Amino acid sequence: MFRYAIFLYCCLSGLALATDVRDGIPAPSLANTYQGDIDVGRYWVSEKLDGVRALWDGEALYSRRGNRFNAPAWFIKDFPALALDGELWMGRGTFENLSGAVRRQIPDDAAWRRIRFMVFDHPEPGMLFDDRLRRLQEILVPAPSPYITLVEQFRVSSEAELMAILERVTSEGGEGLMLRDGRSPHRPGRSDDLLKLKTYQDAEAIVVAHLPGKGKYQGMMGSLLVEMPNGQRFKLGTGFTDAERREPPPIGATVTYKHFGTTAKGIPRFASFMRIRPDLYGDSR
């Protein structure tokens with residue numbers, strides 16, 4: 001049912017998800033939320049890019065679930081022949097345009113010329129991140145292609161400095177910061193080796209129902225009933241445009257919402273819809 005819903009959504013919107021799933025793609029590391037109480041001096045800091053996660057296996061780009069992105073041959077022609085982890089990115093505030101471009105079966109050259117593969121890791125098992133970053137600097141500086149860029153990563157000396165950088169980045173339209181433990185080996189899955197720091201929290205949930213609107217939303221979707229990874233359900237009713245209420249995210253789709261903590265029962269406070277996440281194919285980031 002989930003796959004059918006996603007397929008139907010893409011067909012109706014004129015888009016198509018790649019289905020060439022490659023076995024053995026390096027499993028990416030996933031971020032926990034920054035809670036403080038860490039030695040920030042151990043971590044490399046970079047801007048959190050609001051892009052589409054992508055893995056390069058030396059030959060092609062894949063989503064974190066192993067679905068191939070149909071990037072033009074000229075886009076990837078000079079990429080290095082080693083595994084890379086990063087984000088496909090068009091710039092701040094461009095996620096919707098980016099998402100539409102990378103999901104097309106037939107790539108739009110004009111759109112792809114605006115995209116960059118922003119690399120932040122080399123998923124080599126057994127190699128500490130300090131060494132992985134050094135290797136990336138050797139290979140990607142200078143960049144072998146105008147379409148690939150090594151994400152700037154830097155150290156901070158204190159939490160106060162970290163928070164000052166967060167304030168500057170968000171005031172300029174950025175989403176937040178990422179922190180990577182320099183002494184950590186590459187580990188698939190979620191851990192404190194990788195942390196995300198934002199002025200608000202975000203999370204993903206799966207759409208299980210469309211609830212009808214009332215008043216000015218009569219005849220449209222009023223809210224989504226969504227389910228969190230722990231099985232809890234709640235209504236997500238704000239943050240939608242009228243167009244999104246007329247054509248809401250399909251049942252089974254993964255959506256991202258922002259919130260400001262949780263209630264005693266674990267329900268997100270002041271949850272607000274941000275976007276559908278077709279790049280996740282139903283799992284969380």
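Predicted model: local features only at pLDDT ≥ 70, side-chain atom pairs only at ≥ 80, totals over all residues.

Analyst: Happy to. A charge counts as sitting over a ring if NZ of Lys or CZ of Arg is within 6 Å of the ring centre and within 35 degrees of the ring normal. By that rule, the charged end of R245 sits over the ring of Y217, at 4.0 Å from its centre.

Rings of Phe, Tyr and Trp pair if their centres lie within 6.5 Å, and the count of aromatic pairs comes to nine. One of them is formed by F79 and F117, which are stacked, with 5.9 Å centre to centre and 20° between the planes. This pair links distant parts of the chain: F79 belongs to the loop between α2 (73–76) and β5 (84–89), F117 to strand β6 (residues 116–121), and 38 residues separate them. F79 counts as buried because its relative accessibility is 7%, and F117 is buried too, with a relative accessible area of 0%.

Another pair brings together F234 and Y257. Their ring centres are 5.2 Å apart and their planes stand at 70°, so this pair is edge-to-face. Here again distant parts of the chain are linked, with F234 in strand β12 (residues 233–236) and Y257 in strand β13 (residues 254–259), 23 residues apart. F234, at 6% relative accessibility, counts as buried, and Y257 does as well, at 2%.

W56 is part of strand β3 (residues 52–56), where five of the five residues are buried. In a regular strand the side chains alternate between the two faces of the sheet. In β3 both faces are covered: V52, A54 and W56 are buried on one side, R53 and L55 on the other. This strand has β5 as an antiparallel partner, joined to it by five bridges, and V52 stands opposite L88 in β5. β3 also pairs with strand β4 (residues 61–62) in the antiparallel sense, over two bridges, and the bridge partner of L55 in β4 is Y62. The hairpin of β3 and β4 has four residues between the strands, and there G58 takes a positive phi near 100°.

That brings us to backbone angles. Most residues other than glycine have a negative phi, and most peptide bonds are trans. Against that background, D37 has a positive phi of about 55° although it is not a glycine. D37 is found in the loop between β1 (29–33) and β2 (43–47), and it counts as exposed, at 82% relative accessibility. An aromatic residue, F270, also has a positive phi, of about 50°. F270 lies in the loop between β13 and β14 (272–276) and is exposed, with a relative accessible area of 67%. As for peptide bonds, the one from V141 to P142 is cis, with omega near 0°. P142 is in the loop between α5 (129–140) and β7 (148–150).

Definitions and conventions. Residues numbered from 1 in each chain as written. Heavy atoms only, no water. Phe/Tyr/Trp six-rings, centres within 6.5 Å; stacked < 30°, edge-to-face > 60°. Buried < 20%, exposed > 50% of the residue type's maximum accessible area, 1.4 Å probe, protein only. Pairing = 2+ DSSP bridges.
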